[in-house]
Structures are given as C-alpha cells and as structure tokens.
Amino acid sequence: MDRLNSRLGALAATPMLVLLGLTFLVPMLVVAAFSVMPPKVFDLWHWPDVSAYGEILRQGYWKSLAWSLGMALASTAILFVICWPLAYAMAKVYRRFTLVLTIGVVMTLFVSENIRLFGWVLTLMKGGLIEGYVRHWTGIGFDGLLYNVPVIIFGLVYVYLPFMLFPLAQGIAMVPDDARQAAADLGATRKRILWEIDLPLAAPGIVVGCLLTFVLAAGAIAESKLLGGQAVIVIADEVETAFTYGQNWPLGSALAMVLIAIVGAIAVVGVTRVDLDALMGRRR
Amino acid sequence: MTNKTVLEIAGLHKRFGDFTALHSLDLKVRDGEFLAIVGPSGSGKTTLIRLFVGMDEPTDGTIWLRGKRIDMVPANKRPTCMVFQSLALFPHMTVGRNIEFPLKIQGVGKDQRHARALELLDLLRLPRAYYNRRVHQCSGGERQRIALARALAFDPDILFFDEPLSALDYRLRKTLEKELKDLHVRTGKTFVYITHSLEEAMAMSDRIAIMRAGRFEQVAPADEIYNRPISRFVAEFMGEVNLFSVRADEGGGVLAEGMDLTPDVGPRLGLAAAETGTLMVRPENVWFVGAGNGRGGDMMARGHLRGELNLGSRFQYEVESETGQRLTVETSREGRHDGPLGEPVTLAWSLDRCHLIQGE
C-alpha cells in the first residue's frame with residue numbers, strides 16, 4: 001500500500017513537474033547558456049567565454065545590483081515592522097474583521113501594479129493631488145515628491161505588502177495562545193514574550209514573508225521606473241536595457257544570472273532554516 | 001499544613017455580558033494545603049482559576065495573597081503559577097530551556113539555572129539526559145512532569161492546576177495522581193487543583209470545594225463531602241447514591257417515598273414537624289435481605305433486580321423499587337448477591353449510615 005501510495009504521489013506530481021520543467025527550468029538554462037556566450041550574439045552556437053561577466057565587473061553594474069538589494073532589504077525591513085502588528089491583529093485579535101481586511105488587501109491585487117503606481121504618480125507629482133492642493137491652500141509650491149530613493153522604497157512597500165502580511169499572519173496564527181499565557185504566568189513581560197515566544201514560534205511565517213518580499217523587491221522594476229524616474233537604475237532595469245536597447249543578450253543573461261544566484265542563495269539559506277511543513281498545517 | 005491563610009477571596013464576582021460566571025465567592029486557602037475545586041463543566045472553575053493567576057480580571061471582589069491584594073496585579077507580576085490543561089510547554093525549546101524559562105526571566109545566571117533544572121529533573125524523577133531533549137520527543141507523562149518542573153522552577157507561593165491529567169489514560173493518571181500527592185508533601189507548597197473528576201479530587205486533596213453554577217456548593221474535607229453532602233447536587237456528584245424524599249408530619253412520624261421504615265426512625269431522624277428533606281444512603285451501606293445475611297434494617301425497600309456490574313473488587317447492582325425508583329447496591333466480592341435478573345429482592349439499610357439533607 002505504501003509503495004502504491006508513493007507511486008501515485010509521483011504520478012500525481014508529473015503534470016506539474018513537466019510544466020515547471022518547460023516554463024521554469026528550460027528558460028533558466030537558456031539564460032544560463034547565453035550568459036557564457038561572446039558579446040552581442042543571438043544564438044548559442046559559439047565557444048563559451050565569460051566576457052559578459054567580466055563586463056559586469058568593469059562597467060560598474062554592481063551599483064545597480066547594490067541599489068536593488070539595498071532597497072529590497074530596506075522595504076522588507078519596513079514591511080516587517082508595519083505588518084507585524086497588523087498580522088498579529090488579523091491572527092489573534094479581531095478574527096471577524098480579518099476577512100474584511102483580507103478582501104481589502106487582496107482587492108488591490110486585482111488592479112495591475114503599473115496602474116496602481118500611475119495612481120501614485122498622479123498623487124505625488126508636481127501639480128498632482130498633494131502638491132496641487134498644498135499650493136492651492138497655502139500658495140507655496142514645491143517640486144513634487146517623486147524621483148528619489150525613498151519614494152521607490154515607498155512604492156516597493158506599497159506593492160509587496162500582501163506578500164508580507166499574509167505569511168506573517170499565518171505564522172502568528174501558529175503561536176499557541178496558551179504558550180503566551182504560560183510565559184506571562186511565569187513572569188515574562190510583553191517584550192520578553194515577543195522575543196522568547198512570538199518571534200521564534202512565528203519564524204516560518206516570518207521567513208516566508210521576508211523571502212517573498214525581498215526576492216520580489218530585488219527583481220522589481222516598475223517602482224524605480226515610474227516613481228523613481230532616473231534617480232537610480234535597478235538591476236532589473238539594466239537587464240531589460242541589455243536585452244532591448246543594448247541588443248546584448250549575453251550581458252543581460254549574465255546580469256540575470258548574478259541576480260538569480262544571489263537571491264537564490266539567500267532563499268535557500270532562509271528556507272532550510274525553518275520548518276515549512278508547520279506553516280502548511282502539518283503538526284510538528 | 002498550618003492554619004495560616006495563604007490565599008483569600010472575598011465577594012469575587014465575574015460577569016461576561018449578561019452571563020454571571022461567578023457569584024460573589026468567598027474562600028480561604030490554607031498555607032500548604034491541597035485544595036481541589038470540583039465541578040461539572042460550565043460551573044465556573046476555570047474562570048475562577050483564571051482570576052487567581054491574573055489571566056482575567058474580576059468584575060467585583062478582591063483576592064489577597066499572603067495579605068497583599070493581587071486582583072489588579074497583571075499575571076506576570078503575580079507570585080502564582082499554573083499548570084495548564086494543555087501544559088503549554090514551549091515547543092521550540094528543549095526540556096532544559098523550558099524548565100529554566102522562569103529563571104531566565106528572573107535573570108538567574110546560566111550555571112545556576114542549569115543546576116536548578118537538573119535538581120528539578122531529579123525531583124520529578126526524569127533522567128538528567130532529558131535536559132537536551134526536545135519537548136515533542138517526550139511522552140505524555142514526561143510532559144506532565146516537565147510542566148510541573150517548570151512551574152516549580154518559578155517557585156510560586158501557590159501552584160494552580162487546570163485539569164492537567166484529564167487528557168491521559170487511566171493508568172498513567174493514577175500514577176501521576178500519586179506522584180502529585182507525593183510532590184505536594186515533599187515541596188510543602190500550596191496546591192489548588194481544578195478538576196471535573198471527583199475521583200481525582202478524592203485521591204489527592206485535603207479539602208474539596210464543590211462548585212455549581214458559579215457558586216461554592218460545599219467546601220469541606222473529602223470524607224465530609226462524601227458522607228455528609230450538603231445538597232442533593234453534591235451527593236449525586238460524589239459517586240453513586242440513593243436518595244429518598246422524606247417529610248415529617250405533625251405528629252412526629254415520617255413519610256418517606258419508596259421505602260418502609262420502622263416506627264422509631266421518625267424521632268431519630270431529627271426532622272422538625274412539617275419539614276422536608278432528602279435521605280441519602282451510599283450503595284455500599286445497603287444490603288440484600290434474605291439468603292445468608294438476611295437481617296432487616298431500620299429502612300427497607302422492595303423491588304426487582306435489574307442489573308449486575310462487576311467492578312473488579314466489588315459488585316454493583318441495580319434494583320428497580322416498587323415505586324419505580326432506581327436503587328444502587330454495592331457488595332464486596334465475597335458478599336456477592338446470587339440470583340437471576342428480574343427476581344424480587346428486598347433491600348435494607350440502617351439509619352446510622354444515612355445522612356439527612358435538610359430542606360430539599
């Protein structure tokens with residue numbers, strides 16, 4: 001029976017494995033292959049060389065990479081701090097209101113990211129909603145709030161909020177109430193309970209939330225383009241430019257591979273540290 | 001145990017919206033005693049314990065611990081501690097770190113913590129090697145002991161228990177009951193134990209408080225609760241019992257439903273004229289008339305044998321009396337009643353083994 005079950009498991013997973021292989025693994029291999037081609041070729045029939053990686057080092061692409069990773073880190077940290085109380089409330093305090101909140105947050109995902117960001121552009125730009133009204137009421141105008149690093153981070157925080165909020169709420173829901181009560185009964189203050197009970201027991205949710213937001217924010221492009229203008233160039237922007245305007249596929253592929261390697265390494269470290277089974281509802 | 005009061009409540013009242021969970025309770029817990037609070041579910045015992053440890057605030061009334069008012073002190077500042085029904089062990093910590101938790105919170109140094117944890121493992125008869133075990137690797141009984149060790153590490157003035165044994169199987173429960181009683185003697189701490197099982201309360205405690213619908217029905221030593229219950233509720237709660245409504249008439253005679261009594265019972269019963277009451281007799285004090293031990297008693301009832309139950313060390317019989325009442329008789333193995341189901345039988349018992357519950 002066990003053997004039959006395991007064979008059925010493999011059988012049931014086959015369609016998904018085939019789909020993942022074709023849509024995820026194959027393109028990734030193609031990109032990896034292109035990254036070791038000579039500059040500006042459009043096929044894979046050349047001797048491999050690593051000139052594209054050399055160019056990354058020489059041309060200062062590390063700056064874009066640093067901006068992407070730095071802003072991803074900042075937005076992840078901000079999201080964690082602002083989502084924790086909200087997720088806590090969703091999981092533990094007002095259970096009935098949670099549905100309303102969930103629908104509210106999920107609704108934002110129904111509208112495309114670019115359109116929502118354009119909304120913010122109209123709100124924040126010079127002559128837009130905020131600056132326009134301030135000038136109307138006070139007579140003092142200013143340059144608008146767009147085209148700087150903080151506004152890009154704001155955009156990342158705004159767009160990726162659901163990806164932090166829901167895993168966190170799921171993680172916090174896993175913290176047993178009686179463990180918190182027992183800790184208080186044994187003399188722990190709220191701060192100690194947060195530190196000794198809540199954070200370690202919600203760790204799977206925290207890791208998943210942080211990884212999702214970090215990975216998505218590190219590869220984000222629309223926020224820096226629409227809200228940030230040319231304030232900083234993020235790595236995804238460089239990849240796009242290399243493929244389109246630069247017509248240098250190997251360079252774009254190499255840049256993509258570097259980003260994938262860094263983000264992948266972080267994800268692997270994070271995922272191996274926590275018990276994801278617990279988050280999926282399996283008892284420890 | 002001394003006569004000093006360690007915990008005292010006065011007029012303790014708790015309301016949830018329209019529902020009154022506790023009706024102005026008064027109680028004194030003596031220093032070093034083992035007090036069991038027993039009641040059916042919904043009687044308010046869990047609410048009461050939550051007020052004791054500070055997980056909830058009373059609507060009205062006060063709680064004193066060693067003369068200090070604590071009812072408004074938050075849970076983490078009260079020198080009380082509770083063993084949860086679920087045990088509430090911390091799943092992400094080893095056994096050792098669980099036990100050390102309260103010491104860590106108190107800021108005790110690492111070496112001292114470790115030494116104390118090992119002492120407590122010894123006290124609870126757990127192997128020292130368990131220090132580095134994870135909680136989920138331990139069995140149910142071991143987890144009980146870990147939870148106890150953690151509570152003792154806190155060194156509380158009073159230790160509260162919220163039915164911690166209810167989820168265990170019978171044998172383990174019996175073992176742990178003995179251990180708990182033994183631990184109570186060895187540590188000299190005050191234990192307040194909540195349970196819905198009277199058996200558990202009888203086995204362990206010095207005193208029992210019976211709760212019913214948010215009130216204490218009776219607070220007394222176990223023997224007294226068993227032999228002299230204050231109400232029908234307590235009598236029925238405390239195991240099998242036979243109850244008869246009795247009424248004294250104007251002339252000093254007694255009218256009883258469902259039994260015959262000798263004329264001298266009336267004056268000996270102590271029931272005032274025109275008063276009503278309930279006469280209680282435990283199944284082990286009732287015998288079958290006829291056959292070997294055929295003597296009659298002060299009171300008798302006729303009926304038909306309806307059932308026999310082998311309890312191991314004793315036998316329990318169900319008899320349907322002529323007035324339709326179900327009566328229970330218990331005999332020793334040797335005194336076993338021999339007869340087919342359905343046969344007519346006569347039961348007897350004596351007045352000095354009866355208890356009169358006045359007023360009901």
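**Entry 1: Leu87(B)**

I looked up Leu87(B) in this predicted model and found it in the loop of chain B between strand E6 (80-83) and helix H2 (95-106). Helices (H or I, at least four residues) and strands (E, at least two) are DSSP runs, numbered from the N terminus. I noted that Leu87(B) is not a glycine, yet its phi is positive, at about 75 degrees. The terms are set as follows: buried is under 20% relative accessible area, exposed is over 50%, and partly exposed is in between (1.4 Å probe, protein chains only).

**Entry 2: Gln247(A)**

I turned to a residue of chain A with a positive phi. Gln247(A), a residue other than glycine, has phi near 50 degrees. I located Gln247(A) in the loop that runs between helix H12 (235-243) and helix H13 (249-273) of chain A. With a relative accessible area of 41%, Gln247(A) is partly exposed.

**Entry 3: Arg113(B)**

I placed Arg113(B) in helix H3 (residues 110-123) of chain B. Arg113(B) has a relative accessible area of 14% and is therefore buried. Which residues does Arg113(B) touch, not counting those up to four places away in sequence? I recorded Glu100(B), Leu103(B), Lys104(B) and Val108(B), where contact means heavy atoms within 4.5 Å. The side chains of Arg113(B) and Glu100(B) are also joined by a polar contact of 3.4 Å. A polar contact is a pair of N or O atoms within 3.5 Å; within protein, one must be able to donate a hydrogen and the other to accept it, and residues adjacent in sequence count only if both atoms are side-chain atoms.

**Entry 4: where the chains meet**

I examined the interface and found 17 residues of chain A in contact with 22 residues of chain B. About 1,700 Å² is buried between the two chains, and carbon and sulfur atoms give 64% of that area. Buried area here is the accessible area (1.4 Å probe) that two parts lose on being put together, summed over both. Which residues of chain B lose the most area to chain A? They are Asn76(B), His92(B) and Ile105(B), together 31% of what that side buries.

**Entry 5: chain A as a whole**

I counted 14 helices and zero strands in chain A. Its C-alpha atoms fill a box of roughly 75 × 65 × 35 Å along the principal axes. Of the 284 residues in chain A, 39% are buried. Chain A exposes about 16,100 Å², with 71% supplied by carbon and sulfur atoms; accessible areas come from the Shrake-Rupley method with a 1.4 Å probe, and for residues only the protein chains shown count as cover.

**Entry 6: chain B as a whole**

I found nine helices and 20 strands in chain B. The C-alpha box of chain B is roughly 75 × 45 × 40 Å along the principal axes. Buried residues make up 52% of the 360 in chain B. The accessible surface of chain B is about 16,500 Å², and 47% of it belongs to carbon and sulfur atoms.

**Conventions**

Residues are numbered from 1 along each chain as its sequence is written, and chains are lettered from A and ligands numbered from 1 in the order in which they are written. In this predicted model local features need pLDDT of at least 70, side-chain atom pairs count only at pLDDT 80 or more, and totals for chains, interfaces and linings use all residues, while side-chain values use heavy atoms, with hydrogens and water left out.
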